[in-house]
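Please keep the sequence and the model in view while reading.

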Amino acid sequence: MKRNINYNIFRFVCRAISIVSTVILITNTSIAQTKPTNVSLNIERRIDSLLKKMTIEEKAGQLTQYTGDRVTATGPLGKPIDKLDEIKAGRIGSLLNVRGALQTRKMQEAALQSRLKIPLLFGLDVIHGYRVTFPIPLAEAASWDLQAIEQSAKIAAKEAAAWGIHWTFAPMVDISRDPRWGRVTEGAGEDTYLGSMIAIARVKGFQGESLGDTNAVMACVKHFAAYGAAVGGRDYNSVDMSNQQLWEVYLPPFKAAVDAGAATFMNSFNLLNGVPATGNSYLQRDILKGKWNFKGFVVSDWNSIGEMVPHGFAKDKYEAAQYAIAAGSDMDMESSAYIANLEKLVADKKITLAVINDAVRRVLRKKFELGLFDDPFRFCSEARERITLNAKEHHDAARDMARKSIVLLKNENNLLPLSSSVKRIAVIGPLAKSGVDMKGAWSVKWEADSLVSLYDGLKARLGDNTILNYAKGCGIKDSSRDGFNEAVNAAMNSEVVIIAVGESFDMSGEAKSRSNIHLPGVQEELIKAIHATGKPMIILIMAGRPLIFNWTADNAPAILYAWFLGSEAGHAITDVLFGDYNPSAKLPISFPRAEGQIPVFYNHMNTGRPVVNEANITYRSAYIDLPNTPKFAFGYGLSYTSFGYENLEISKSKIKRADSFTVSFTLKNTGKYKGEEIVQLYIRDKIASIARPVKELKGFKKIELNPGESKVIAFSITTEKLSFYNNDLKWISEPGEFSLMIGSASDDSKLQGEFELID
Ligand code: BGC
């Protein structure tokens, strides 16, 4: 009992401090602003004058967001309300899931009938394409191609904006080391450096040159923070982590997105060390709006304010609203906690008006920057809508992005690429003719007729010159082997077999955690049955996450990991199968051998008893039943050609803090095909006051070479790349020895060197 009282006093004091620090922060950040331009000064003045006219209820309205469409809801729904009436009463500031020029216009017209005529913001989860679906974000991350990723976001934004959307709830920049978590599909994988680079590319792509461009949308960087570390990979689960790990691994992509100009943030469902992210002042006030000087607004995740009650953090929605607004959650998605309680919270002196004004100012600022006060309908044009969607160049970009995302995991005896002269191909597997699964999770305005299956892609390239012997073989999850015979016959009647297996599109994504990530159903048995025919076979694995398929990995001669590649999937896979595109992708996340290894990731610690020799693991940090290493490591991926690495040169072997130095080497295409190699630079700080990982990615480049061609590749290394957070969370570098590794995967260093940082 005594402990409870003490704990309650502690929580009360924390909250009091957080409310006081909120007020201080709001005052300080307005002082800390960089010198405003005339345009932004003008906007701030217009906001001042609006704020003076607004009632507290109207202010709460600006901070309230609902779904306009109960069908596409992604969480629990409140009581149905008449949205148009509420909009006219000034009690809604934003809607999600309303799309189309006609629909958004109708809602916006209602907003113009409200007392102050404040326009609405329309948000939507435009995650990987809009009408033209691009590869799932994890697949795009496998391309390591920042330009292509930026272009993909740009096209998604263009199509969405033509449909009246102002704001996408993307990019998701959550680092995750857990493939059981269904939402790995939406992120950039396990690595902080790669994830940060991709976060920047996506923000730039979505937002274009500046807010207000009607071909672009506002980005919403999510989920702040540490959502990708949910215990056990179970969605919405709690997170407990050290500040060290939070700052080093999970926060940098968010910081990179702020620096790239991201307009908004979304917080997350999880507890972080006992405090819900939504009610977390440390994350939202101290770090995001304080230290990082973020000027945009934060939207809660779906009902995450209301969910602070079942979390056991707030007694009821009244308290939840108090803690959320005090902690810096500016807009309430779907929990109605703000509209129902903010006015009373002010009357009860639980929240100051200054806190509410700051949140409203942040929301209004974005509406001004988007130009909505000058023309609330500037994004809703039926004419633009008709001409923008589904353009040929959008499909071309989606195909290019898709082929850049396919990872070649194995290619024994150069089985791939296939020759165009092959006359009979067996096309087998539950995903071989599926178009709909190619869209992956979170696809928006997809239409079945423009999702190209593998079979259709092959047919389009090969026409009638090649016979395609199709057999489904089995379902994705079923246990029936009834189709095996037909599949075996198809294989027997063909020169080569392509087998498409994996997950269905709805087995990954939000609330799609899996405890068993092996190839589902009897698919691996189907592969064994075909293998027994002795026919050469190529396995295509389609999934929203890393799967486990050890037997296949050890026995199939050729394997391509094809994720869910979007509208152009079938064409892109065919391009790779026949060598029209030479695969270049590299895994952005480690593939475990067994679920029991998870989390398995490349930048782990060494431990005091590392495994030096797999043959002797007695009293070592090891599993007695399987190796520590993943089946396929972060950064791994093959090409149809081969690359040689030589002549490592380090310009200085001793550097001072203010110095930088260059590491260079020669990369040569030693094979027969033109191809691209993603060269990776890893660094290890050997001894430090906070022990460092065995290696960390610090740079990469994608280099294209013709057969026989070579190029000198250089990386510049500054002290920044050698720094880390110390015990006081200060970003520091320490003198000492470092090793650097350059190679084609995290487990394949081709060149190694040493250098020293001196005082
Ligand atoms: C998800 C968010 C998404 C929101 C709106 C939530 O359930 O966690 O990522 O943006 O729904 O659809």
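**A strand and its partners**

Ser 739 stands opposite Glu 754 in strand E26. The model is a predicted one, in which local features need pLDDT of at least 70 and side-chain atom pairs count only at pLDDT 80 or more, while totals for chains, interfaces and linings use all residues. Residues are numbered from 1 along each chain as its sequence is written, and side-chain values use heavy atoms, with hydrogens and water left out.

**Strand E25**

- Strand E25 covers residues 736-745; strands (E, at least two residues) and helices (H or I, at least four) are DSSP runs numbered from the N terminus.
- Nine of the 10 residues of E25 are buried, a term that stands for under 20% relative accessible area, with over 50% called exposed and the range in between partly exposed (1.4 Å probe, protein chains only).
- E25 pairs with strand E26 (residues 748-758) in the antiparallel sense over nine bridges; pairing requires that DSSP find at least two bridges between two strands.
- Two residues lie between E25 and E26, and the two strands form a hairpin.
- E25 also pairs with strand E20 (residues 675-685), in the antiparallel sense and over six bridges.
- Arg 684 is the residue opposite Ser 739 of E25.

**The ligand and its shell**

- Around the ligand there are 14 residues, of which Asp 125, Arg 183, His 223, Asp 301 and Glu 510 come nearest; a residue is near a molecule if one of its heavy atoms lies within 4 Å of it.
- The shell consists of seven nonpolar, two polar and five charged residues. Nonpolar here means Ala, Val, Leu, Ile, Met, Phe, Trp, Tyr, Cys and Pro; charged means Asp, Glu, Lys and Arg; the others, Gly among them, are polar.
- A side-chain N or O atom of Asp 125 is 2.5 Å from an oxygen atom of the ligand.
- For Lys 222, the distance from a side-chain N or O atom to a ligand oxygen is 2.8 Å.
- A polar side-chain atom of His 223 lies 2.7 Å from an oxygen atom of the ligand.
- The protein covers 100% of the 310 Å² of accessible area that the ligand has on its own (Shrake-Rupley method, 1.4 Å probe).

**Arg 202**

- Arg 202 belongs to helix H8, which spans residues 192-207.
- Arg 202 counts as buried because its relative accessibility is 6%.
- Beyond its neighbours within four places in sequence, Arg 202 is in contact with residues including Pro 137, Ile 149 and Pro 171, contact being heavy atoms within 4.5 Å.

Note on methods:
A polar contact is a pair of N or O atoms within 3.5 Å; within protein, one must be able to donate a hydrogen and the other to accept it, and residues adjacent in sequence count only if both atoms are side-chain atoms.
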